[in-house]
Amino acid sequence: MSIFDRFIQKQVDAAVRGQLAVIENENTFLIGTRPLSQSERDRYTYDRADILEQSLKAWRINPLARRIVELTSQYVVGGGLTVNCKNVPASKFLDQFWNHRLNRMPVRVSEMCDELTRTGNLFVILTTDAAGMSYVRLMPASHIDEIISKPNDIEQPLYFKLKADLENLSPEPVPAYDPNNDDLSKPVILQYAINRPAGAQWGEPDLAPLLVWLSRYSNWLQDRARLNRYRNAFLYIVQAKFASEAQRVQRQNALNANPPKPGSILVADDTESWKVIHPRLDSSNAEKDGLALKKMIAAGAGIPLHFLAEPESATRTTADAAGGPTFRRFEQRQQYFLWMIEDILRVILTRRAMVDGKINKQIHLSVTGADISSRDNLSLSQAAYYMIEVLANLRDRSLVSNDEFLRVIYRFFGETVDADEMLKQAKKDQSNDQGKDLSPKAGRDGVPDKKVISPPDDGLGDINV
């Protein structure tokens, strides 16, 4: 090879190395990359998977994490949910779906609320048979690898891509529910998320900001338990003048062979003294440290300390005042959860309407839950009771209208109603009652005719009364 060739070869090698040498940053480092369909406001894939794994582990082994999740479900779901639907065919179908043994919705709603709190995301799989009956299953958020959404709207998912080790369940991405292009033969996924930043695809678990402090409190408590265990342990130190090392070892072996028992009497001469060494545990400082850690957990969870078995204050007034913001938080979560269940039921009715002409897609449907706090109902009822007399006097003096009277009264009841619509319905019901002849009609002999009541189809026939 000539000198010219070797010079050219060096230039070529330098150019190749310059092209291959890429500065390592967030865009080129493999673990920090994001899929093209993922929002920049979402966590990195590895970070999200780590948070979901830690949240599940904390819920399994940490009592405080388990209690925080349970409290949310107990207040949001309460004693159960009620589905309200005035359409008779739709109401019967919803009742069949709700109590189907493969759906068991009365129990599943609590599991759905737990999963939503634990992961911040709820992926609901809907499968529908040929008769239009749908079945609900929950896909763990950790099984979803990527959410493929519309290019112009990140909140409208198109497909959900499963992780590579789960492709045996579905080798192709599972489609999201699309009301304009729905196929009953294929399962679809509905996604719901809480604590989701604007412009993000994924939600955040309620336990995410608490994981560090839950770990620190658990480690602190474990250290305190270990110290308390050895607090009563002690060691004897025997000091004496020995002529040689062999004599000291001989004395130590003798004491180890026959250690003094508790309550026994030791007799020693003036050349030998006994002392005791034991660990010292400063409980006053430890109590403040543990309370500070627990306050951080309670603040992150949005609940007062007495919800976590920590009676910070002995007064009931302070405890009631601390529960106010907590109840507001649970009300907001309950509002979202009820909307979520209502949205699922509407999708189920829409799929049923594709095979059943009796089901109307545009029906009125609502889902209600239990009251967050019964104490609020007592205070609202007392306030409304005192306001009725005041507003009645104002209405009698023509100072307020009937619409304003109803609006203010229901406001003190804590309910929002359409006063004008209620008055129209009341006048309509009153006119219908006046038009009806409620007195029994006399027969031929002056005796009121018998009325025939037809009970439901129970095989017993008509009943004459």
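Q: In what sense do β2 and strand β3 pair, and over how many bridges?
A: They pair in the antiparallel sense, over 6 bridges. Keep in mind as we go that this is a predicted model.

Q: Which residue of β3 does V124 stand opposite?
A: That would be L138.

Q: And which residue is the bridge partner of V124 in β7?
A: There the partner is L190. The pairing of β2 with β7 is antiparallel too, with 6 bridges.

Q: What about the hairpin of β2 and β3, how many residues sit between the strands?
A: There are 5 residues between them, and G132 in this hairpin takes a positive phi near 95 degrees.

Q: Which residue other than glycine has a positive phi near 60 degrees?
A: That is S398. You'll find S398 in the loop between α10 (374-396) and α11 (402-412). R104 is also a non-glycine residue with a positive phi, of about 40 degrees. R104 belongs to the loop between α4 (88-99) and α5 (105-119).

Q: Why do you point those out?
A: Most residues other than glycine have a negative phi.

Q: Is S398 buried or exposed?
A: S398 counts as exposed, because its relative accessibility is 64% and the cut-off for exposed is over 50%. R104 has a relative accessible area of 36%, so R104 is partly exposed.

Q: Changing topic: how many disulfides does the structure hold?
A: The count is 0.

Q: Is C113 buried or exposed?
A: C113 is at 1% relative accessibility, so it counts as buried. C85, at 16%, counts as buried as well, because buried means under 20%.

Q: Let's zoom out. How many helices and strands does the chain have?
A: It has 12 helices and 12 strands. The chain holds 465 residues, and buried ones make up 29% of them.

Q: What share of the contacts between residues at least 6 apart in sequence join residues at least 24 apart?
A: That share is 61%.

Q: What is the order of the strands in the open sheet with 3 strands?
A: The order is β4-β5-β6, with antiparallel pairing. β4 and β6 are at the edges with a single partner strand each, so one side of each has no neighbour in the sheet.

Q: How many bridges are there between β4 and β5?
A: They pair over 6 bridges, in the antiparallel sense. In that pairing, I147 stands opposite F160 in β5.

Q: Now the largest pocket: how much space lies in it?
A: About 1,200 Å³. The elements that each give two or more residues to its lining are β4 (144-150), β5 (153-162), β6 (174-175), β7 (188-193) and α9 (316-353).

Q: Which element gives the largest share of that lining?
A: β5 does, with 7 residues.

Q: Which residues lie nearest the centre of the largest pocket?
A: They are P157, A176, Y177, D178 and I189, out of 41 residues that line the pocket.

Q: And what does the lining look like by class?
A: The lining of the largest pocket has 24 nonpolar, 7 polar and 10 charged residues.

Notes
Residues numbered from 1 in each chain as written. Predicted model: local features only at pLDDT ≥ 70, side-chain atom pairs only at ≥ 80, totals over all residues. Heavy atoms only, no water. 1 Å grid on protein atoms, 1.4 Å probe; cavity = no way out; pocket = protein on both sides within 12 Å on 5 of 7 lines; lining within 4 Å. Points joined across faces, edges and corners; volume = space filled by probe spheres on them. Helix = DSSP H or I, 4+ residues; strand = E, 2+ residues; numbered from the N terminus. Nonpolar A, V, L, I, M, F, W, Y, C, P; charged D, E, K, R; others polar. Disulfide = S-S within 2.5 Å. Buried < 20%, exposed > 50% of the residue type's maximum accessible area, 1.4 Å probe, protein only. Pairing = 2+ DSSP bridges. Contact = heavy atoms within 4.5 Å.
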